[in-house]
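Work through the exercises below with the model open. Try each task before reading its solution.

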Amino acid sequence: GEFQLRPNTKSWLKWVHQNFNVVWFSTWTEEDIQLLLAFLFKEQYLRKILPPSNRILVAPWLGFKEKEGWLSAETRGSLADVVEWYWIDDQVPPASQLKALGLDPEHCIQVNPKGSNELEHLKELLESRLLIQPRT
């Protein structure tokens, strides 16, 4: 029933919401994620990082056997026209399985759930791939 946040979670969440349209790919509800963000950030800040509707976007993948099934369907559907998208998760299937589902393994990034600097490495990776200028 408990969870531990990774080191640098707060700064990473701020950065990712400022630079991307974030869709939470989680079993958590929109309300749970909103509560987490409210705990980490002041309400005033939340209004700045969330979409105009002030809603957390959560992927409705729970009707699928696995996340990659939903993602495969979406990349053929509403995500088909999105130039860049990334799936970031602690558990990503092997490249051969992703390719069989029509998913580009370069867009599926596995992170180490116990890596102490994992979010900083992820930020650097995304900045390099998308040519985002690091903010000081």
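Predicted model: local features only at pLDDT ≥ 70, side-chain atom pairs only at ≥ 80, totals over all residues.

**Exercise 1. The largest core**

Task: Find how many residues the largest nonpolar core has, and which elements give two or more residues to it.

Solution. Start with the count: this core has 17 residues. Next, pick out the residues with the most contacts inside it: Trp12, Leu13, Val16, Trp24, Leu37 and Leu122. Then assign elements. Helix H1 (9–19), helix H2 (30–40) and helix H6 (118–130) each give two or more residues. Apart from this core lies another, of 11 residues, including Ala59, Trp70, Trp85 and Cys108. Leaving aside neighbours within four places in sequence, Trp12 is in contact with Leu119, Leu122 and Lys123.

**Exercise 2. Helix H6**

Task: Compare the span of H6 with the expected one, then list its buried residues and say what covers them.

Solution. H6 has 13 residues. From first C-alpha to last, H6 reaches 18 Å, close to the 18 Å expected at 1.5 Å a residue. Its buried residues are Glu118, Leu119, Leu122, Lys123, Leu126 and Glu127. The cover over the buried residues of H6 includes H1, strand E1 (87–89) and strand E2 (108–110).

**Exercise 3. Aromatic rings**

Task: State how many aromatic pairs the structure has, and which residues ring pairs link into a cluster.

Solution. Search the whole structure: five aromatic pairs turn up. Then follow the links. Ring pairs join Phe25, Trp61, Trp70 and Trp87 into a cluster. Finally, look over the face of Phe25: Lys67 lies there, at 5.6 Å from the ring centre.

**Exercise 4. Aspartate 89**

Task: Is aspartate 89 buried or exposed?

Solution. Locate the residue first: Asp89 lies in strand E1. Read its relative accessible area, 12%. Buried means under 20%, so Asp89 is buried. Now list its contacts, leaving aside neighbours within four places in sequence: Lys67, Ile109, Gln110 and Val111. Lys67 also lies over the face of Phe25.

**Exercise 5. Valine 23**

Task: Classify valine 23 by accessibility and find what it touches away from its sequence neighbours.

Solution. Val23 lies in the loop between H1 and H2. Its relative accessibility is 48%. Not counting residues up to four places away in sequence, Val23 touches Leu57, Val58 and Ala59. Check Val58: Val23 and Val58 are 35 residues apart in sequence, yet 5.4 Å apart in space, C-alpha to C-alpha. Ala59 is among the residues of the 11-residue core.

Key: Residues numbered from 1 in each chain as written. Heavy atoms only, no water. Core = buried A, V, L, I, M, F, W, Y, C linked by side-chain atoms within 4.5 Å. Buried < 20%, exposed > 50% of the residue type's maximum accessible area, 1.4 Å probe, protein only. Helix = DSSP H or I, 4+ residues; strand = E, 2+ residues; numbered from the N terminus. Contact = heavy atoms within 4.5 Å. Expected span 1.5 Å × (residues − 1). Phe/Tyr/Trp six-rings, centres within 6.5 Å; stacked < 30°, edge-to-face > 60°. Lys NZ or Arg CZ within 6 Å of the ring centre and 35° of its normal.
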